[in-house]
Amino acid sequence: IAATGFWSHDGSTIYAQSLIFPDYDNWIIQFNGNCGNNAFTSLTELENTGLRIFPNPAEGILNIEPTVVLNNASLSIINALGETVKSISSINGSSFGLVTNELKNGIYFLRLQDGEQGYSATFIKE
């Protein structure tokens with residue numbers, strides 16, 4: 001059992017993942033205020049089934065293979081500070097590669113949205 005997580009830069013959201021083989025659970029936990037000092041506002045568990053990413057850690061290209069064919073999907077890459085560092089829209093097909101050369105080394109949260117279905121994963125850029 002392992003877990004990872006990181007706060008957004010403003011301290012209002014934590015992106016978390018538990019790693020219990022063979023299942024991975026992902027959450028976005030939002031707070032009302034800095035580091036949850038005020039009221040808890042929402043917890044969203046994100047679907048990770050049906051999304052394969054490799055190699056992880058990534059050095060140049062991260063391959064992304066959902067088990068469904070994407071139709072006008074969008075992708076966001078969020079760094080450990082909670083900042084969106086890359087966004088891609090209009091993704092179609094059954095697989096694609098994400099160029100990671102411009103990303104700094106570290107842990108990133110990947111969020112793929114295809115209509116009502118959302119997928120997420122954590123990856124390391126080396």
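## Terms and basis

Two strands are taken to pair if DSSP finds at least two bridges between them, and the strands themselves are DSSP runs (E, at least two residues), numbered from the N terminus. The model is predicted, with local features needing pLDDT of at least 70 and side-chain atom pairs counting only at pLDDT 80 or more, while totals for chains, interfaces and linings use all residues. Residues are numbered from 1 along each chain as its sequence is written, and side-chain values use heavy atoms, with hydrogens and water left out.

## The four-stranded sheet

An open sheet of four strands runs in the order β8-β7-β10-β11, with antiparallel pairing. Because β8 (84-93) and β11 (117-125) stand at the edges and each has a single partner strand, one side of each is left without a neighbour in the sheet. From one strand to the next the twist averages 20°, where axes are lines fitted to C-alpha atoms and angles run from 0 to 180 degrees between N-to-C directions.

Within this sheet, β7 (residues 70-78) and β10 (residues 106-114) are joined in the antiparallel sense over five bridges, and Ile-78 stands opposite Phe-109 in β10.

## The three-stranded sheet

Three strands form an open sheet in the order β5-β6-β9, and here the pairing is antiparallel. The twist averages 25° from one strand to the next.

Strand β6 (residues 61-66) pairs with β9 in the antiparallel sense over four bridges; the bridge partner of Ile-64 in β9 is Phe-96.
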